[in-house]
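Colleague: Could you take me through this model feature by feature, giving the general idea before the particular case?

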Amino acid sequence: MAEAGLFVGWGDPITGREAKGLEVFGEALAYYAKAEQDGRIESHETVLLAPHGGELAGFILARGSREQMAALRAEDEFERLNTRATLIVQKVGVIDAALGDDLERAIGVYQTAVTDLT
């Protein structure tokens, strides 16, 4: 079971860049599918959000071990795709995520910080 994840979120396309946005989106979907097929990640899920007035239009959640997520972040292709995305959509962000068995550890870190600051 995956203990870690990478949340790659994005906002609305930059006006006039919509066609390129679809192109890069297709590249990203292929990249994550291959990463899963090759065993570099355990799984991934792509989510498109309905228009809602917020800044988040969609995200991809890649799942795996902490080591797999660190290795994914270090891949040149991961960096290339995210750099391309920043040129065609607004508000691109990559955030580490705690999942599954790592939730207890992450909550413990938070609890310790709360205790230290009260």
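The dialogue below turns to the sheet, then to aromatic pairs, and then to a helix and the core.

Modeller: This is a predicted model, in which local features need pLDDT of at least 70 and side-chain atom pairs count only at pLDDT 80 or more, while totals for chains, interfaces and linings use all residues. Residues are numbered from 1 along each chain as its sequence is written, and side-chain values use heavy atoms, with hydrogens and water left out.

Colleague: In what order do the strands of the open sheet stand?

Modeller: Helices (H or I, at least four residues) and strands (E, at least two) are DSSP runs numbered from the N terminus, and two strands pair if DSSP finds at least two bridges between them. Here 4 strands form an open sheet in the order E2-E3-E1-E4, with antiparallel pairing. Strand E2 (43–48) and strand E4 (93–98) stand at the edges with a single partner strand each, so one side of each is left without a neighbour in the sheet. E2 and E3 pair over 6 bridges, and Ser 43 stands opposite Arg 63 in E3.

Colleague: How many aromatic pairs does a search of the whole structure find?

Modeller: A pair of aromatic rings is described by the distance of the centres and the angle of the planes. Rings of Phe, Tyr and Trp (its six-membered ring) pair if their centres lie within 6.5 Å, and planes under 30 degrees apart count as stacked, over 60 as edge-to-face and the rest as tilted. The search finds 3 aromatic pairs, one of them the edge-to-face pair of Trp 10 and Phe 25, at 5.9 Å centre to centre and 65° between the planes. Because Trp 10 lies in strand E1 (residues 4–10) and Phe 25 in helix H1 (residues 18–37), this pair ties together parts that are 15 residues apart in sequence.

Colleague: Which residues of helix H2 are buried?

Modeller: Buried means under 20% relative accessible area, exposed over 50%, and partly exposed in between (1.4 Å probe, protein chains only). In helix H2 (residues 66–74) the buried residues are Gln 68, Met 69 and Leu 72. They cover an arc of only 95° around the axis (taken from the directions from the helix axis to the C-beta atoms), which puts them on the same side of H2. On the other side of H2, Glu 67 and Ala 74 are exposed.

Colleague: Which residues have the most contacts inside the largest nonpolar core?

Modeller: In soluble globular proteins, nonpolar side chains tend to be buried together. A nonpolar core is a set of buried Ala, Val, Leu, Ile, Met, Phe, Trp, Tyr and Cys residues joined through side-chain atoms within 4.5 Å. The largest one has 20 residues, and those with the most contacts inside it are Tyr 32, Ile 41, Ala 62, Leu 72 and Phe 78. Its largest share, 5 residues, comes from H1.
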